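Please look at the sequence and the model below before reading on. The report then goes through the model topic by topic.

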Protein chains: 2
Amino acid sequence: MQTTIDVRGMTCGHCEQAVKGALTALNGVEGVEVHLTAGKVDVTYDDAKVTIAAMRAAIEEQGYDVVA
Amino acid sequence: MQTTIDVRGMTCGHCEQAVKGALTALNGVEGVEVHLTAGKVDVTYDDAKVTIAAMRAAIEEQGYDVVA
């Protein structure tokens, strides 16, 4: 499965790494690509193991806003 | 001694922590205050132990530009 999450507040490479690290730590997340200037995060995942809600929560825990 | 270093490229709390951490790691640096939006870093230091050049180098190693 693949999804794109819109994230507000990522400003630099540290932010990119924080979001990427939080998502990669989730069991079931297979790949993460952060598009910093676009504020978009592409995630490849196994939907038998992880939910989009869990991904959104992981991003928010790092201090970023997930849009809609 | 006290100095203020102008730094370009700090955008977020992670940047602030990166700069603060790099300076604090220098022997002779006694205090660091980062003003993120102003792009200024106030450093209190013992000039018998550390040079401003060393501080500038530490900041640049973190990927930020020191102005003039």
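The sections below cover the basis of the model, the contact between its chains, the relation of the copies and the cysteines.

## Basis of the model

This is a predicted model, in which local features need pLDDT of at least 70 and side-chain atom pairs count only at pLDDT 80 or more, while totals for chains, interfaces and linings use all residues. Residues are numbered from 1 along each chain as its sequence is written, chains are lettered from A and ligands numbered from 1 in the order in which they are written, and side-chain values use heavy atoms, with hydrogens and water left out.

## Where the chains meet

Six residues of chain A are in contact with six residues of chain B (contact means heavy atoms within 4.5 Å). The area buried between the two chains is about 410 Å², and carbon and sulfur atoms give 63% of that area. Buried area is the accessible area (1.4 Å probe) that two parts lose on being put together, summed over both. In chain A, the residues that lose the most area to chain B are T11(A), C12(A) and H14(A), together 79% of what that side buries.

Between chain A and chain B, three residue pairs are in polar contact, with both residues at pLDDT 80 or more. A polar contact is a pair of N or O atoms within 3.5 Å; within protein, one must be able to donate a hydrogen and the other to accept it, and residues adjacent in sequence count only if both atoms are side-chain atoms.

## How the copies are related

A rotation of 179 degrees, with 0.1 Å of shift along its axis, superposes chain A on chain B with an RMSD of 0.0 Å (least squares on the C-alpha atoms of residues with pLDDT of at least 70 in both). The two copies are thus related as by a two-fold rotation axis.

## Cysteines

The structure holds zero disulfides over all chains (a disulfide is a pair of cysteine sulfur atoms within 2.5 Å). For C12(A), the nearest cysteine sulfur is that of C12(B), 3.5 Å away.
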